[in-house]
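Please keep the structure open beside the text and find each element as it is mentioned.

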Amino acid sequence: MVIGIVGATGEVGRTMIKVLEDFKIPVKKLKLFASNKSKGKFLEFNGKKIKVEELTEKSMKEKYDFLLFSAGKNISTHFAQIAANHGNIVIDNSSAFRMVPNIPLVVPEINGHLVKNYKGIIANPNCSTIQMVLSIHKIHEFLKIKEIYVSTYQAVSGAGHKALKEYLNQISGNNEKNVFPKQIAHNVIPVIGNILNDNFSEEEYKMINETKKILNDNSIKIYPTTVRVPVKYGHSESIIIRTEKKFKISQIKELLSKSENVIYTEDSTTPLDVEGKDIVYVSRLRKFDDYTFSIWNVADNIRVGAATNAIRILEVMRK
Ligand SMILES: NC(=O)c1ccc[n+]([C@@H]2O[C@H](COP(=O)([O-])OP(=O)(O)OC[C@H]3O[C@@H](n4cnc5c(N)ncnc54)[C@H](OP(=O)(O)O)[C@@H]3O)[C@@H](O)[C@H]2O)c1
């Protein structure tokens, strides 16, 4: 297969290269694209050095089996469209196409069927949404979720390479800030993305809208608060769920154990426990009443929340 990665030098792009290796995807040719400033850099794939090329319109008109985009919304809006217009399949990590009605928003374990025989642009959901829906979709199927109250504890790497560097600099005493609105070292910031007119953040809207689209149910009510925490990798979520049907705690455990790429554990999982893993870890299950329970949901945001989900989409389409 010929595969291209756009944004190959970024947090997600570099991890995509690694996941392609880990999943032993049969890649005949891998093309790596980034901005002008990375042109000529080398990145390694399966022991071979590959030269990074500058992203151009011409390069997007060539033929690929799959193009994986993770260079931000503006780049995707322009270049993914060109690639798709020239017959390419694009799996896009940005928010550019997620809520476009005819574009599938895919978590393969839940709605992978949408991409069978599909050509064009496929959207990868937001990181905190992916790890949440992976854990709750079977529960929704059997018990019908009515309401979700979720508070997130999101790692700095979720805002990209520059954000991670800013955090590490601040830890070493350089308090300069360019990416986050406040110092993130030794702190928590209760805003992710821009604050919109109604005081909700962009990240909160992503969780509300994308969850409904992926679960194909507009009736679910979602109440998120998204928070940045001083953690390098791994998003955590405190989720309270209200169901329509009565449940027993054993039933929730059983539904979690039946959910693909999800592990329920009695051990309280932390972000450090999940770094580099392709699984969502659910712990701290508590029943409040016959219709309400709570879980603690942790996953590697760059893998489960971005790169691995994209490669799993590719796998479904390839097969
Ligand atoms: N981090 C996450 O957890 C996560 C999760 C889900 C989705 N995403 C999405 O994935 C995308 C990338 O995120 P990231 O965290 O990997 O960001 P990042 O570390 O900042 O990387 C950005 C990438 O985009 C490239 N790029 C920037 N401007 C470009 C241009 N003009 N032309 C070509 N390439 C350009 C950069 O190349 P240079 O190195 O040359 O600048 C770099 O490879 C974003 O849309 C983000 O919302 C991220």
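1. Helix 5 (residues 127-143) and helix 8 (residues 249-257) pack at an angle of about 125 degrees, and their axes are 8 Å apart. Axes here are lines fitted to C-alpha atoms, for helices over the stretch in contact, and angles run from 0 to 180 degrees between N-to-C directions. Helices (H or I, at least four residues) and strands (E, at least two) are DSSP runs, numbered from the N terminus.

2. Before going further, please note that this is a predicted model, in which local features need pLDDT of at least 70 and side-chain atom pairs count only at pLDDT 80 or more, while totals for chains, interfaces and linings use all residues. Residues are numbered from 1 along each chain as its sequence is written, and side-chain values use heavy atoms, with hydrogens and water left out.

3. Ser135, Lys138, Ile139, Phe142 and Leu143 of helix 5 make the contact with Gln251, Ile252, Leu255 and Leu256 of helix 8, where contact means heavy atoms within 4.5 Å. These residues divide into six nonpolar, two polar and one charged; Ala, Val, Leu, Ile, Met, Phe, Trp, Tyr, Cys and Pro count as nonpolar, Asp, Glu, Lys and Arg as charged, and the others, Gly among them, as polar.

4. Helix 5 also meets helix 10, and their axes come within 8 Å and cross at roughly 85 degrees. That makes helix 5 roughly perpendicular to helix 10. Cys127, Ile130, Gln131 and Leu134 of helix 5 touch Val304, Gly305, Ala306 and Asn309 of helix 10, and by class this contact has five nonpolar, three polar and no charged residues.

5. Which strands does helix 5 lie across? Helix 5 lies across strand 8 (145-153), strand 10, strand 11, strand 12 and strand 13, and runs at about 25 degrees to strand 10. An open sheet of six strands has the order 9-8-10-13-12-11, with mixed pairing, and its edge strands are strand 9 (221-225) and strand 11, each of which pairs on one side only. From one strand to the next, the twist averages 25 degrees. Two strands pair if DSSP finds at least two bridges between them.

6. The pairings can be followed strand by strand. Strand 10 (residues 235-243) and strand 13 pair in the antiparallel sense over eight bridges, and the bridge partner of isoleucine 241 in strand 13 is phenylalanine 293. Strand 12 is joined to strand 13 (residues 292-299) by six bridges, and the two run antiparallel, with a hairpin of two residues joining strand 12 to strand 13. Strand 11 (residues 262-264) and strand 12 (residues 280-289), by contrast, pair in the parallel sense over three bridges. Tyrosine 281 is the bridge partner of isoleucine 263 and also stands opposite valine 298 in strand 13.

7. A second open sheet, of seven strands, has the order 3-4-2-1-5-6-7, again with mixed pairing. Its edge strands are strand 3 (42-45) and strand 7 (121-123), each pairing on one side only. Strand 1 (residues 2-6) and strand 2 (residues 29-34) run parallel and are joined by five bridges, and isoleucine 3 stands opposite leucine 30 in strand 2.

8. Helix 1 lies across strand 1, strand 2, strand 3 and strand 5 (66-69), running at about 25 degrees to strand 3, whereas helix 3 (residues 73-85) lies across strand 1, strand 5, strand 6 (90-92) and strand 7, running at about 175 degrees to strand 5.

9. Finally, the axes of helix 1 (residues 11-22) and helix 10 (residues 303-318) come within 9 Å and cross at roughly 50 degrees. Helix 1 and helix 10 are therefore oblique to each other, and helix 1 passes helix 10 in a right-handed crossing.

Key. Angles under 35 degrees count as roughly parallel, over 145 as roughly antiparallel, 65 to 115 as roughly perpendicular and the rest as oblique. A crossing is left-handed if the near helix is turned anticlockwise from the far one by less than a right angle, and right-handed if clockwise.
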